[in-house]
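Here is a short report on a protein model and its ligand. Look at the sequence and the structure first, then read on.

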Amino acid sequence: MVDIPHGNAPLLAAEKIEKWYGKVHALRGIDVKIYPGEALALIGDNGAGKSTFAKIVAGVEQKTSGRLLWKGKEIDISSIKQARNLGIETVYQEQALCPQLTALQNIFLGRTKTKFGVLGILDNKKMATAARKVLDELGLGVGVNQEVRFCSGGEQQGVAVARALLFKANLVILDEPTRALSTKGVERILQFIRSMKNEGIAVILISHVFPQIFPITDRFMLMSRGQIIAERRKEETSPEDLSRMIIEKTT
Ligand SMILES: Nc1ncnc2c1ncn2[C@@H]1O[C@H](COP(=O)(O)OP(=O)(O)OP(=O)(O)O)[C@@H](O)[C@H]1O
Ligand SMILES: [Mg+2]
């Protein structure tokens with residue numbers, strides 16, 4: 001494992017994480033650290049355990065054993081709600097949002113108490129103004145009162161990113177964010193990731209098409225069969241090098 005020099009302490013440190021799904025050993029004792037403002041990519045073949053790790057951090061699945069340290073303190077992430085309270089958001093294309101609700105309703109979904117006070121009719125104007133500002137900053141032509149089912153996949157991701165920015169998420173997980181996106185859509189999601197990094201948000205990216213995400217990624221972890229088998233900082237690798245490593249090490 002390469003030791004990454006960072007001024008800051010890790011936001012999240014996962015130690016010796018094991019996951020069994022019945023008889024399937026999906027994660028075999030993995031160690032992952034992520035730092036504020038950093039984009040970490042998990043790459044590797046189908047079934048390597050990338051999404052399983054992401055789901056454990058997002059509170060969707062429970063680890064079988066191992067430790068999770070949040071800002072140095074051991075924690076349990078036993079639900080999506082608990083992950084959200086820590087400021088962990090997940091952006092899956094077309095899955096992060098409720099299609100029948102508007103952009104505004106989605107952005108504030110599940111937040112009964114916010115920096116705008118207890119949610120109620122009186123706060124609507126303030127919320128709409130704040131949401132419109134973030135959507136505009138992201139360059140999205142989505143109206144706050146537009147139902148999300150009338151948004152494209154990329155626009156829906158944008159709304160989910162707006163939620164992460166507005167509520168000052170600490171960690172955002174994007175699982176296959178560029179899948180099924182047009183070239184323009186990919187550019188836009190890369191721009192979203194840059195905005196999040198600039199805000200000091202840590203980003204975990206899962207992607208098969210890592211040449212696309214290469215420019216905005218700081219560090220790559222290559223997973224195979226439930227283990228991390230290589231780790232590289234961007235400066236010491238290239239998309240070609242990573243492709244070669246996947247072929248050599250995982251087959
Ligand atoms: N809910 C589940 N029940 C049983 N086995 C599962 C479950 N989810 C994942 N697995 C298994 O765990 C292993 C890791 O799966 P995971 O989805 O984490 O892989 P991945 O790296 O995200 O793959 P892909 O690139 O195809 O998305 C696989 O063998 C998979 O079949
Ligand atoms: Mg997956």
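The protein chain in this predicted model has a mean pLDDT of 85, and 87% of its residues reach 70 or more. pLDDT is the predictor's confidence in each residue, from 0 to 100. Over residues 1-5 the pLDDT is below 50. Beyond near neighbours in sequence, this stretch has nine contacts (heavy atoms within 4.5 Å) in the model.

Residues are numbered from 1 along each chain as its sequence is written, chains are lettered from A and ligands numbered from 1 in the order in which they are written. In this predicted model local features need pLDDT of at least 70, side-chain atom pairs count only at pLDDT 80 or more, and totals for chains, interfaces and linings use all residues, while side-chain values use heavy atoms, with hydrogens and water left out.

Which residues surround ligand 1? They are Tyr21, Val24, Ala26, Asp45, Asn46, Gly47, Ala48, Gly49, Lys50, Ser51, Thr52 and His208. Each has a heavy atom within 4 Å of the ligand. The shell divides into four nonpolar, six polar and two charged residues; Gly counts as polar.

Polar contacts are pairs of N or O atoms within 3.5 Å.

| Residue | Polar atom from | Distance to ligand 1 oxygen |
|---|---|---|
| Asn46 | side chain | 2.8 Å |
| Gly49 | backbone | 2.9 Å |

The protein covers 62% of the 630 Å² of accessible area (Shrake-Rupley method, 1.4 Å probe) that ligand 1 has on its own.

Two elements, β2 (24-34) and α1 (50-57), each supply at least two shell residues. The largest share, three residues, comes from α1. Helices (H or I, at least four residues) and strands (E, at least two) are DSSP runs, numbered from the N terminus.

Methods: Polar contact = N/O pair within 3.5 Å; in protein donor to acceptor, adjacent residues only side chain to side chain.
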